[in-house]
Amino acid sequence: MGFTTELIHAGVKPDPETGSILTPVYQSTTFVQESVDKYLSKGYSYSRSANPTVRALEEKLALLENGHDCTCYSTGMAAIQAVLQACLSAGDHAVISDVAYGGTYRLCTKVYQRFGVSFTFANSADPKAVQAAVQDNTRLILTETPANPTLKLTDIQAVSDIAQASGIPHAVDNTFLSPYYQRPLELGADIAIHSTTKYFDGHNATVGGAVIAKSEELDESIRFIQNASGVIMSPWVAWLTLQGVKTLSVRMDRQSANAQVIAEFLENHPKVVAVAYPGLPSFEQHELAKKQSDGFGGMLWFEVKGGVDGGKLLMDSVQLCTLAENLGSVETLITHPATMTHADVDEEERRRVGITDGLVRLSVGLEDVEDLIADLDQALEHVTA
Ligand SMILES: Cc1ncc(COP(=O)(O)O)c(C=O)c1O
């Protein structure tokens with residue numbers, strides 16, 4: 001079956017009691033057992049351990065990423081920490097993409113380092129740098145591609161080969177492209193991670209996370225953490241996300257088409273000094289983007305004349321694009337990573353990896369592209385420098 005058919009139908013059965021076409025919201029803490037001998041005969045005991053609405057989403061996402069199974073979480077960060085907890089113990093080391101969502105860097109440096117885990121933030125665009133970062137005690141390679149916010153790409157196949165040769169799992173944060181455009185497990189990775197807050201939800205309605213594991217063994221160790229740490233997704237969030245997922249391909253195609261037109265417009269604008277979008281032939285890793293993904297996504301960044309001040313003028317002048325954190329939703333959002341999403345990344349580290357103070361991130365939505373361009377055009381007029 002085609003991917004869009006799977007988005008709508010995969011893992012979802014009409015409710016056996018009523019025939020309801022949508023999986024109901026099973027808003028219940030506990031599940032009555034038939035007898036001590038038949039404990040768990042219906043599969044559920046207590047909603048921290050498993051909930052039927054959340055399971056429906058987990059089964060769907062496992063099918064879409066082509067994994068063994070999936071576990072869902074309260075946020076994308078909770079999903080990432082479940083992977084770290086499942087793979088790492090005190091004394092272990094992990095290799096992490098040097099460009100990733102600021103919260104990932106914060107979790108590693110401000111939390112896990114306190115528990116005796118060490119990290120190398122490697123340039124994952126260069127497989128040789130990843131190989132060089134692997135130590136005897138490395139137990140996890142975690143990459144994010146395309147990376148937030150610079151869109152740096154990791155060659156998933158090449159890094160998965162390195163991980164496999166060292167017997168280490170390779171986890172890929174696939175939030176920016178979703179399985180509609182990129183399926184890391186099919187490219188050799190062991191774990192796919194999502195902030196479902198972004199493209200899966202798509203409507204700025206929820207925060208949530210998901211981890212899809214390729215093997216039963218990995219899924220079991222991650223599922224153990226899901227239950228033990230209790231950072232689960234709620235049934236309501238799972239239900240809303242189940243509705244969002246159905247339109248993922250339609251939204252992403254439109255968002256990518258809009259992003260391509262906007263990137264080309266910005267590239268030719270005299271007040272724009274730099275623009276990056278994987279769909280532009282000028283994008284440094286355009287060939288890799290074409291090789292490992294089926295689309296370029298809805299994220300781009302640019303810098304305007306006048307650096308930080310010029311960027312601030314632009315962001316304060318947009319009227320249709322909304323100045324806000326988050327990405328992947330139907331609304332076009334404009335963000336200043338240095339003061340918003342990546343404020344917790346040390347200034348020196350931000351500079352080193354190219355998250356400049358003037359970088360403006362755009363998450364392109366579903367609006368009519370002419371309206372988005374008109375808005376950016378009028379905002380660029382305010383950029384004086
Ligand atoms: C690539 C990526 N991964 C993970 C996260 C964290 O997700 P959440 O905000 O749902 O915790 C984000 C958030 O922006 C992100 O962009």
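**Questions on the predicted model**

Tutor: Leu151 is buried, because 23 other C-beta atoms lie within 10 Å; a residue counts as buried if 20 or more other C-beta atoms lie within 10 Å of its own, as exposed if 12 or fewer, and as partly exposed in between, with C-beta atoms placed from the backbone. This is a predicted model, in which local features need pLDDT of at least 70 and side-chain atom pairs count only at pLDDT 80 or more, while totals for chains, interfaces and linings use all residues. Residues are numbered from 1 along each chain as its sequence is written.

Student: Where does Leu151 lie, and what is its phi?

Tutor: Leu151 is placed in the loop between β4 and α6; helices (H or I, at least four residues) and strands (E, at least two) are DSSP runs numbered from the N terminus. Although Leu151 is not a glycine, its phi is positive, at about 70°.

Student: Is Leu40 buried or exposed?

Tutor: Leu40 also belongs to a loop, the one between α1 (3-9) and α2. Its phi is near 70°, a positive value in a residue other than glycine. With 12 other C-beta atoms within 10 Å, Leu40 is exposed.

Student: What distance separates the C-alpha atoms of Lys42 and Phe31?

Tutor: Lys42 is found in the loop between α1 and α2. Lys42 is exposed, because 12 other C-beta atoms lie within 10 Å. Lys42 and Phe31 are 11 residues apart along the chain, and their C-alpha atoms are separated by 8.8 Å.

Student: Which residue does a cis peptide bond join to Asn148?

Tutor: The loop between β4 and α6 (156-166) contains Pro146, and a cis peptide bond with omega of about -10° joins Thr145 to Pro146. Pro149 is likewise in the loop between β4 and α6. With omega of about 5°, a cis peptide bond joins Asn148 to Pro149.

Student: In what order do the 7 strands of the open sheet run?

Tutor: Strands pair if DSSP finds at least two bridges between them. The pairing in this open sheet is mixed, and the order is β1-β7-β6-β5-β4-β2-β3.

Student: Why is one side of β1 and of β3 left without a neighbour in the sheet?

Tutor: β1 (69-73) and β3 (118-122) each have a single partner strand, so one side of each lacks a neighbour, and both stand at the edges. From one strand to the next, the twist averages 20°.

Student: What angle does the direction of helix α2 make with that of β1?

Tutor: Helix α2 (residues 52-65) packs on the sheet and touches β1, β6 (191-195) and β7 (209-213); residues are in contact if their C-beta atoms, placed from the backbone, lie within 7 Å. Axes are lines fitted to C-alpha atoms, for helices over the stretch in contact, and angles run from 0 to 180 degrees between N-to-C directions. The angle between α2 and β1 is about 130°.

Student: Which residue in β3 stands opposite Ala94?

Tutor: Strand β2 (residues 93-97) is largely enclosed by the rest of the structure, because 4 of its 5 residues are buried. β2 and β3 run parallel, joined by 5 bridges. The residue in β3 opposite Ala94 is Phe119.

Student: Against which elements do the buried residues of α9 pack?

Tutor: In helix α9 (residues 235-245), 9 of the 11 residues are buried, so the helix is largely enclosed by the rest of the structure. Among the buried residues of α9 are Trp239, Leu240 and Leu242. The buried residues of α9 pack against α1, α2, β1 and α10 (248-267).

Student: How many residues of the shell around the ligand are charged?

Tutor: Of the 15 residues around the ligand, Thr75, Gly76, Tyr101, Ser195 and Thr197 come nearest; a residue is near a molecule if its C-beta atom, placed from the backbone, lies within 6 Å of it. Ala, Val, Leu, Ile, Met, Phe, Trp, Tyr, Cys and Pro count as nonpolar, Asp, Glu, Lys and Arg as charged, and the others, Gly among them, as polar. The shell divides into 4 nonpolar, 9 polar and, as charged residues, 2.

Conventions: Contact = placed C-beta atoms within 7 Å.
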